[in-house]
Amino acid sequence: MTSRSNIGPRPDDGLVRGERTLSALVSAPSEAAPDLVLGVETSVSGRRWLWRPGALAVPPHLGLGLAQRLELPEIVGRLLAIRGIGLEEATHYLVPTLRALLPDPSTLTDMDHAAARLAQAVEHGETIGVFGDYDVDGACSTALMTELLRGFGCVVHTHIPDRTTEGYGPNVPALAGLIAKGARLIVCVDCGTAAHDIFAALPTPADILVLDHHKAEGPPPTILATVNPNRLDCGSGQGMLCATGIAFLTAVALLRHLRRDGFFTEARPAPDLMRFLDLVALATVCDVMPLTGLNRAFVAQGLRIMARGGRPGIAALLEVAQAKGVPSAMTCGFALGPRINAGGRVSDSGLGLRLLLTEDLEEAREIAELLDSVNRQRQQIELGVMEEAIRLAEAQIAAGCPVLLVGGEGWHAGVVGIVAGRLKEKFNRPAGVMAFGEGRATGSARSVPGIDIGAAILAARQSGLLERGGGHAMAAGFSLLQEAVPALHAFLNDRLAAAADMPAAAALSVEGVLTARGATVPVAEQLLRLAPFGQGNDEPLLVVSHVRVMKADRIGKDGATIRAMVEGEGGGRLKALLFRAKAGPVAEALMDSGHRPLHLAGHLRAEEWNGTVSASFMVQDAAWA
């Protein structure tokens, strides 16, 4: 059989020798479909398995050369080459540091104005208001600015809006309330870029700063400063940062300004900004920002700060969520983020901020337990909406709609974004989900790579179809009259017509093939050199080829997880896990394979249990061999 070299151990060896992982041999692509992995045109879930773009063009010696020059395992060098990371970039990729990657904050438009006004407030002990969004990024950026300014002795009042009664972004009553408490400076974080009318309508004047990252559709508001790398006249190149990242850069600029003013003394030293990196890491992951460049440094170093357990709220939430081991990007995205978000979705929008700010261990535990309970409530609400949303979406798919736009009377506005994400994953289409009530529709949209939903929502707003709307390429929020929903759907279908050509299920982008015998703990540990994983830096998706299921059972709550022991053709056994597996073709393949040979696609990880470390394969898809 003709073979092609790729990552992982050789099928006839399957061993890791020292620090070097031997290249695998996998089937050469056919002339008709050169990008297919192991010839999988249609997996059991209907997906194509394709080599990651550029993987086949990378000569084996390139990865080997990187590995040798950087003293890395060969598998890591190969993956770096596949991802287009050369020798010059590799050092900052593997060991990202703020010293090397942090930009001059002044490159962001209006940053110097913002830092100067904040310095004035600090030096004069002013009362300050901080207005944030109700999601994780909003809570983290509000917590960062509040903790920083209170540390300087300022009185800081905060406000997180109620998602249902106030909606997204600044509103006049809330801002007026902060002014009534004595705030003459208001900092809006993770919102405010589009709040021109709100700021203009304030009955009592105040200096307003906006620290935001959402796309702008025109000039910034007429306020003191709008620091937003995505405003049209900002050339900083930092548009990939979340609001908490912008808040951190603002803190850096503020300290620089205070140093110039001689504010810090031996008796009044400058604060250590590194302690805020746990907030920056959490927000960056949960707001699905690309984990490249500066964000990679933020997350890598922020996770180390988080692991120290210095913030009582995060430590308590990790314990309540039963998140064991060293915190990772996955911990942020799947354990911490959903629970912090749950307060803003279906309960008290200020719970997440209170959790992040509290220094009291008992209060931290109480809030963490409450958020965990609220998150379970959110999950139940989501299930009820999801069933009906799928039914409506299936009808639109049958009608040939490029964009899915569904809604229901009485649907909870707090879960529409999650449901939109689920529809996007299930149907591989841009999806919007709306809650109807009193003749109005409040919605959230999620998109697939290559389809900019944020730009489409802005265009719909500019066309007069929406009352409010904004976002970024992968996610957006909007509100409109319910009677205008059909016109909005027609507008989106026309503008995003290219989505109709997308396959029913997204193709898997595979980086390597290995055998069950080669799926070892050392290989799994070597893959972690590429972490943190997330948007823009995916965890390597691998295929374990030609395995048979020897035993499979259901574990966990309600039996929703499948645990299978698989055996390779050339020997070697491996534990495979499939989550959210109550039903579906992949679950059926694992439970009822009849010992037929399978290829499994997923992620190889080293897991510790009772002091023993073993390799586990987290299954994403399966195909008959």
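Helix α2, which spans residues 74-82, is largely enclosed by the rest of the structure, because nine of its nine residues are buried. The structure is a predicted model. Its chain contains 20 helices and 22 strands. The radius of gyration of the chain is 25 Å, close to the 25 Å that the globule rule gives for 625 residues, so the chain is as compact as a globular protein of that length.

**Helix α2**
- The buried residues of this helix are Glu74, Ile75, Val76, Gly77, Arg78, Leu79, Leu80, Ala81 and Ile82.
- After α2 comes glycine 84, which has a positive phi, near 75 degrees.

**The chain as a whole**
- Taken along the principal axes, the box filled by the C-alpha atoms is roughly 80 × 60 × 45 Å.
- Of the 625 residues, 54% count as buried.
- When contacts between residues at least 6 apart in sequence are considered, 65% of them join residues at least 24 apart.
- The accessible surface amounts to about 26,300 Å², and 51% of this surface belongs to carbon and sulfur atoms.
- The chain carries 57 positive and 66 negative side chains, and the centres of these two sets are 4 Å apart.

**Nonpolar cores**
- The largest nonpolar core consists of 78 residues.
- Within this core, the residues with the most contacts are Leu144, Leu149, Phe152, Val187, Phe248, Leu254 and Leu282.
- Helix α9 (residues 243-260) supplies the largest share of this core, namely nine residues.
- Leucine 144 touches Thr244, Ala247, Phe248, Ala251, Phe276, Leu279 and Val280, when residues up to four places away in sequence are not counted.

**Alanine 389 in helix α15**
- Alanine 389 is part of helix α15, which covers residues 361-398.
- This alanine is buried, since its relative accessible area is 0%, and the cut-off for a buried residue is under 20%.
- Beyond its neighbours within four places in sequence, alanine 389 is in contact with Val406, Trp411, Val419 and Leu423.
- Alanine 389 and leucine 232 are separated by 157 residues in sequence and by 36 Å in space, C-alpha to C-alpha.

**Backbone features in loops**
- The peptide bond from alanine 531 to proline 532 is cis, and its omega is near 5 degrees.
- Proline 532 lies in the loop between α19 (521-527) and β18 (542-555).
- Glutamine 322, a residue other than glycine, has a positive phi, near 55 degrees.
- The loop that holds glutamine 322 runs between α12 (312-320) and α13 (329-346).
- Glutamine 322 is exposed because its relative accessible area, 62%, is over the 50% cut-off.
- Asparagine 428 is likewise a residue other than glycine with a positive phi, near 55 degrees.
- The position of asparagine 428 is in the loop between α16 (416-427) and β12 (431-437).
- Asparagine 428 is buried because its relative accessible area, 7%, is under the 20% cut-off.

Conventions
Residues numbered from 1 in each chain as written. Predicted model: local features only at pLDDT ≥ 70, side-chain atom pairs only at ≥ 80, totals over all residues. Heavy atoms only, no water. Buried < 20%, exposed > 50% of the residue type's maximum accessible area, 1.4 Å probe, protein only. Helix = DSSP H or I, 4+ residues; strand = E, 2+ residues; numbered from the N terminus. Rg over C-alpha atoms; globule rule 2.2 N^0.38 Å. Contact = heavy atoms within 4.5 Å. Areas by Shrake-Rupley, 256 points an atom, 1.4 Å probe, with all protein chains shown as cover. Lys, Arg positive; Asp, Glu negative; His and termini not counted. Charge placed at Lys NZ, Arg CZ, Asp CG, Glu CD. Core = buried A, V, L, I, M, F, W, Y, C linked by side-chain atoms within 4.5 Å.
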